[in-house]
Protein chains: 2
Amino acid sequence: MQTNKQWLLVSRPKGEPGVENFRLVETPVPEVGHGEVLVRNHYMSLDPYMRGRMDDRKTYTVPQALDQVMQGGTVGEVVASKNPGFSVGEKVVGAFGWQLFGKNDGTGLRKVDDAKVPLSVYLGAVGMPGVTAWYGLNGIIEPKAGETVVVSAASGAVGAVVGQLAKFKGCRVVGVAGGAQKCTAVVQEFGFDACVDYKAGNLEGDLARATPNGIDGNFENVGGPVLDAVLGRMNAFGRIAVCGLIASYSGAPIPVNRFRSVLDNRLKIQGFIVSEHFDVWPAALEELATLVASGKMKYRETIAQGIEMAPEAFIGLLKGRNFGKQVVKLI
Amino acid sequence: MQTNKQWLLVSRPKGEPGVENFRLVETPVPEVGHGEVLVRNHYMSLDPYMRGRMDDRKTYTVPQALDQVMQGGTVGEVVASKNPGFSVGEKVVGAFGWQLFGKNDGTGLRKVDDAKVPLSVYLGAVGMPGVTAWYGLNGIIEPKAGETVVVSAASGAVGAVVGQLAKFKGCRVVGVAGGAQKCTAVVQEFGFDACVDYKAGNLEGDLARATPNGIDGNFENVGGPVLDAVLGRMNAFGRIAVCGLIASYSGAPIPVNRFRSVLDNRLKIQGFIVSEHFDVWPAALEELATLVASGKMKYRETIAQGIEMAPEAFIGLLKGRNFGKQVVKLI
């Protein structure tokens, strides 16, 4: 009999999470009942939003429950099925969380083809992060050719897709990332016009030099000083899509000092959650899959090996240690 | 020969403006040339936006020039005309600024009827402040019946209109104003459901009690702690129209601490300037004039007597000493 391994959240972090907030348990692999599907997960996704759910506070979803399996996206293979809609061997994206096996009645499972797009990429550029990029850019920023778009966390799973999509639209695209290595890749691999290293100590000046015509659109993943620097460069009628504020996830809220730019420049700032816009998913996923399969859309992954590594990899993600999409390889 | 009196801006204030920033000069009343109209202003408007223009910084308009007549809205009577479109005795709204007489070729002059709406009100509820209220509410907040709308500077020229329009739409309307007297009037005269006195020392608690179902729309005139209190009560998909940030006009920028609410609640925040939305003016002015003429829309005015009082009245406006629309009576 096979054994399942699961990571539970056992306590809520104050500030930065630590490995002590999680516990790895072994449980029997569940039996498949009538209408059910059992999936062996190949990869599990680690995403910044998970930090928000670890707090016991009102947000857009209920908090992650204590002593329950950490929730999250997964991609894997059907290994047992009593559901006529699924056959053993099919690859499916699901949300089975931090565990080796997942079982349900097929709800929310999406079959995927790993012939042209590697399985793990369905958790990244051709998955939730990719659609997040697509929606924030096309649904909120709506950039026109020639406009300048700034993307924070530019080397991350979402940011890299935002920048490439904006380049395809004819924008000047400037990334913000942490460290010279990430910045080099943002320009050379993902094709951004420039990238500002916020760790280099001259964020405001470097951003000004990289955006000589100001900023028309901002895809914001970070907040804090990065957002303030952007606000200081926004043009009239600029749009800011607020996708994440990772700078403040594990500590006290970081004030926004240049809010007056909203008035002076008649900005639109809009927060969004991609799971509330399922209507755009099919079209976005099709476009992203085509771009990745054709090689036009580049991506990077940081792959932690083995479910045991999940908490450590997640903590590293919150500290920006990953490069591109952070996944855990389970098989 | 009659004499014109004009207030010039002679120096830029650091922080709060003082009377020393202005100088009153006497000049001859201008001659009317071919195609021109001379207007004797009856009232001049004082508005918070004027403070922004006194700084030498990039905003949505060019700064007020030094040693020139302070710009601003006026309403008065045609006293000489060599323009076939205007006859002596007609009442017109214009933008002749802080002076007794104004002359131009008729551009931007709007004839008004003071039979049912008093002349001064064309500078308030049936003028720029009224349309500002109308646009922010209908163009950005778009409230539905049953939603809760919070209006800061609720007893001001704009805020009082916002609240009454939102009440007509079936919203719960909560004002924020400074002082018990203003708050009483906001509820009793303007018909708001509640009003929070931000000077009473318990802004957050009082706002929470006044908004038991949270806040769906916010018409923001103030910023600072008022905006932060509102951000802490916003519901999912709330809308904030940023019309003014008077709390920070004369000093250092005041940080926004609860920006994370934008993400947690998927808020839309939008800054606007009513002069960029001239397409809505005719419909808005017609609606507002009808409401005022029928007595459904209430308004209050603070009237300074005589052009000599303009700087002092303006300084008082920035400190919240006015109640309702601040005008200067010139005749």
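In helix α2 of chain B, the buried residues are B:M128, B:P129, B:G130, B:V131, B:T132, B:A133, B:W134, B:Y135, B:G136, B:L137, B:I140 and B:I141, where a residue counts as buried if 20 or more other C-beta atoms lie within 10 Å of its own, as exposed if 12 or fewer do, and as partly exposed in between, with C-beta atoms placed from the backbone. The model is predicted, and accordingly local features need pLDDT of at least 70 and side-chain atom pairs count only at pLDDT 80 or more, whereas totals for chains, interfaces and linings use all residues. Residues are numbered from 1 along each chain as its sequence is written, while chains are lettered from A and ligands numbered from 1 in the order in which they are written. Helices (H or I, at least four residues) and strands (E, at least two) are DSSP runs, numbered from the N terminus.

Helix α2(B) covers residues 128–141, and its 14 residues reach 18 Å from the first C-alpha to the last, close to the 20 Å expected at 1.5 Å a residue; the expected span is 1.5 Å times one less than the number of residues in the helix. Because 12 of its 14 residues are buried, α2(B) is largely enclosed by the rest of the structure. The helix is followed by B:E142, whose phi is positive, near 45 degrees.

Helix α3(B), residues 157–168, has 12 residues and a reach of 18 Å from first to last C-alpha, close to the expected 16 Å. With 10 of these 12 residues buried, α3(B) is likewise largely enclosed by the rest of the structure, and B:A157, B:V158, B:G159, B:A160, B:V161, B:V162, B:G163, B:Q164, B:L165 and B:A166 are the residues concerned. They pack against α2, β8 (148–152), β9, β11 (215–220) and β15 (325–329) of chain B, contact being defined by C-beta atoms, placed from the backbone, that lie within 7 Å. After α3(B) comes B:G170, with a positive phi near 85 degrees.

Strand β11(B), one of the elements against which α3(B) packs, is mostly covered, with 6 of its 6 residues buried. Two strands are taken to pair if DSSP finds at least two bridges between them. On this basis β8(B) and β11(B) run parallel and are joined by 3 bridges, with B:V150 opposite B:N218, and β11(B) pairs with β12(B), also in the parallel sense, over 5 bridges, B:F219 having B:A241 as its bridge partner. Parallel pairing over 4 bridges then links β12(B) to β13(B), where B:V242 stands opposite B:G271.

The pairing extends from chain B to chain A, since β14(A), residues 268–271, and β13(B) are joined in the antiparallel sense over 3 bridges, and A:I269 stands opposite B:I269.

The contact between the chains takes 27 residues from chain B and 27 residues from chain A. On the side of chain B that touches chain A, β12 (234–242), α7 (260–264) and β13 (268–271) each supply at least two residues. The residues of this side divide into 14 nonpolar, 8 polar and 5 charged, with Ala, Val, Leu, Ile, Met, Phe, Trp, Tyr, Cys and Pro counted as nonpolar, Asp, Glu, Lys and Arg as charged, and the others, Gly among them, as polar.

Chain A has 9 helices and 16 strands, and 52% of its 331 residues are buried. Its radius of gyration of 20 Å agrees with the value near 20 Å for a compact globule of 331 residues, the radius being taken over C-alpha atoms and the globule rule being 2.2 Å times the number of residues to the power 0.38.

Key
Contact = placed C-beta atoms within 7 Å.
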